[in-house]
Amino acid sequence: MNAGRLEISRLYQRFAFGPRPGEFTAALKAGPAQTRNALLAPPAQDIGAQSVQPPLLTDLGQRPKPNTPELADFVLGIRTQREALMLWWLDLMVKSDHGLTERMVWFWHGHWATSMSKVDHPLAMYKQNQSFRAHALGDLTAMSRAMLNDGALQFWLDGQTNTKGKPNENLAREFMELFLLGVNRYTEDDVKALSKSFTGYQLTSSTGEVRFNEKRHDFAPVALLGTTRHFSGEEASDYLVGKSDCQKFIAERIWYRFLSSTETMPNNFSAVSAYSSRNMLSAITAAATDPEMQKVKNQMAKAPLEWFIAACRALELTPSQLKRPAQISAHLNKLGQIPFSPPNVGGWPAGEAWLSSASAQYRIEFATWLVKQSSLRALNEIPVEKRVVQSADWLGVAQWSPRTQAALRSSVNNPTEFTVLALTSPEYVVSA
Amino acid sequence: MDTLTRRKFLKLTAGSVAVGAAAPLLNIADIAEAAISRPLPSGTPILVMVTLYGGNDGLNTVIPFKDPIYYSSRPDISYKEELVLPLDAELAFNPAMKSMKVLWDQKKVAIIRGVGYPNPDRSHFSSMAKWQTASPEKHINTGWLGRWIDTQPSDSMLAISLGSVLPPLFAGGRLSGSVLPLGGLVIPQGSLGRQCQQLAKPSRMDSNLMAAAATSMRNLFSVSTEVQPILKAPAPVAADLPVVNGGNAGGDSNLSQQLDIVAKLIAAGAPTKVWSVSLGGFDTHANEANAQSALLGVVSDSIARFMSQLRSTSRSQDVTVAVYSEFGRRVVGNGSQGTDHGTSGPMFIVGEKVNGGFYGDQPSLKNLISGDLAVTTDFRDVYATLLEKVLRSPAEQTLGRWAGRTQFMKS
């Protein structure tokens, strides 16, 4: 296989959400280096993203008591706003001219994994999502502070119940284990210490507003990772971000989500040193440029959401414009991945978890539903005799196997079936 | 209120009862695999719960056709004596329940009269929650079968609800039942199916992950070829049960589809001991007669068909069906040829091991309690009996100390 072709395919599938029609062909002409530079550089203006209207979200107040007449209206409001919120983000992922930004928002959503199932309020989830966007490729010190002051995350991990004398360790533990350091890089005493530093935050769950109440904060000095003093929440956050373990941990997460979920990160993975700045764009640039990008063994399964967004881009579909857009979450639910609803604070799985028989079946259903709504312009513009080969360029696939070519060839006069097969083929479901 | 559906009920109770999101979502391949690899041992009892959402009018289901008060209370919507299907000297089935009458004559139907709970609640949502949680005094968020599931070894196949949302009935504290979406049965057919099988072939070029993707698609087809015959061909109708015409709402109803799938999976050996199916639309505030009799026809025909399908398998002795609704309706008709929310109603228990006949006292039409029927049997009497005699489990773990029993099962 052509090495440049593999690299360009990976750049599109992993550092963006797949090519739009024509983009991959143009990138092949430009070569890997130029393609990478273009993908990594945010455009001065993201016209595609600007075309997506922000969702109409309001403060719905506290959930009424069970069996009261107000409950039905509240539940209806929640449902309507949840759907608006999800369609807004899906549209943004499909329409954005800078795939990397939304890809990073998606990465951070799986990193600071917060679920609507507990948070309940779409407005709070929206604010968190906007915060991911603001810090997507920026500085982790600022992002970590923003997350400490994020109502959805605080509520998700019971931060508002963590008070002086009555610590709740949930938020502190995950800050160390899942957000900033990685498991086993701290002791249980460090968790207790950090939870004291994190005392005093209060919030309004329906809006996601966070306040600091110093009366509930524990001002006593704590011994945190070798330093004994009083830390405010934000000081503790800064301190953790400054640890070299944090540098290594975030690089490991980049490796796991962008390079390989099965291979171990090599010690010389260039994102590690690039992240000494704690600047995400530097780390991602290093990762995208690393020689590991060209190694055949570093494959990734597309998560269901990534598969869906890539399909929409290739099919020139806008999620909110699909027939009965509520069906999208039904399909994504069957595949086990609904944005804003990660299964737990650890985020979604990776790799073979997405490759069950059940998901094969549901992916075929989902693809059929999508393909029927597309004009298939890009495919129809390819002469019939060239469709098998050139459809790989349309979809940004590195290479079709002879097995898949045989299936595609049999359906070459049936564009709908051809496309369903292409989208559900092992070569499309997996980023080679 | 418009036609109340189960889905609406579940939407409106979301948050007050912990259900839904956490329920394992099964697909037919999972169950099929389990049916093949670890079939339910023959002779294991199976319970099928049928929930009628909306509040079924019990008085027009099991009709006191000799009682003048019945006719004077609801002149617009009472059934004439010559139309009903008499069960004994006083009570008769709704004319639409011809298939159920056949089962009754075979002594396979127990009718438990006047079932309800103390201090009846006339809200659909509260009352259904009380029925499903079996906790009329206190709001709790586990269903009575959910608590039974908690007592069993963890198995996602143990209790399956047809549809896409888990009913509170199956929500346990520790475990819960699974849901099987009706739409989950679609396996690609025809040309697409053939080409998908081509895509599923191994390729020497496949990396580990691509090979896994191809294998997953291949398994989908290999499992489905083993199970497809079971699912595609309805179990043949047993010859000893006459096919009854009329009384059906026309065509396949959703309930009969649900029960068809249950029958096929039971026949295939699914390791499932409790099933839940449902039918909505019983909230007949207006123009009741046609709507309710159409629905009762569906219930009656679907259950009769289900029982006869099982007759052709080795499991017909093992299955017991229980039918209930969240309340009965007012004795006196309202001004729009309908009835408003009431209190107690009849439950049906159907099966080969059922001791057919009447249980519980028929609520008097003379001595109403603020215009409503008295409750003569507590639903916990019925649940305790289902737990002990069908599921062979102690009732106390699920219902707490509860002395009442209704002996509708052959011992």
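**Close-up views of the predicted model**

**View 1. Strand 2 of chain B and strand 4 of chain B form an antiparallel pair in this predicted model.** The pairing of strand 2 with strand 4 (residues 91–93) extends over 3 bridges. Within it, Pro64(B) lies opposite Leu91(B) of strand 4.

**View 2. An open sheet in chain B is built from 3 strands.** Their order is 2-4-3, and the pairing is antiparallel.

**View 3. Helix 7 of chain B, residues 190–199, carries buried residues.** These are Gln195(B), Cys196(B) and Leu199(B). They span an arc of only 105° around the axis, which means that they lie on the same side of helix 7 of chain B.

**View 4. The largest nonpolar core comprises 139 residues.** The members touching the most other members are Leu180(A), Ala251(A), Ile254(A), Ala271(A), Ala283(A) and Ala311(A). When residues up to four places away in sequence are not counted, Ala271(A) touches Ala251(A), Ile254(A), Ala283(A), Ala286(A) and Ala287(A). A second, separate core contains 102 residues, among them Leu259(B), Ile261(B), Val319(B) and Val331(B). In soluble globular proteins, nonpolar side chains tend to be buried together.

**View 5. Chain B contains 12 helices and 12 strands.** Of its 411 residues, 57% count as buried. Among the contacts in chain B with a separation of 6 or more, 76% join residues 24 or more positions apart.

Technical notes
Residues numbered from 1 in each chain as written. Chains lettered and ligands numbered in written order. Predicted model: local features only at pLDDT ≥ 70, side-chain atom pairs only at ≥ 80, totals over all residues. Helix = DSSP H or I, 4+ residues; strand = E, 2+ residues; numbered from the N terminus. Buried ≥ 20, exposed ≤ 12 C-beta atoms within 10 Å, placed from the backbone. Contact = placed C-beta atoms within 7 Å. Pairing = 2+ DSSP bridges. Arc of directions from axis to C-beta. Core = buried A, V, L, I, M, F, W, Y, C linked by C-beta atoms within 7 Å.
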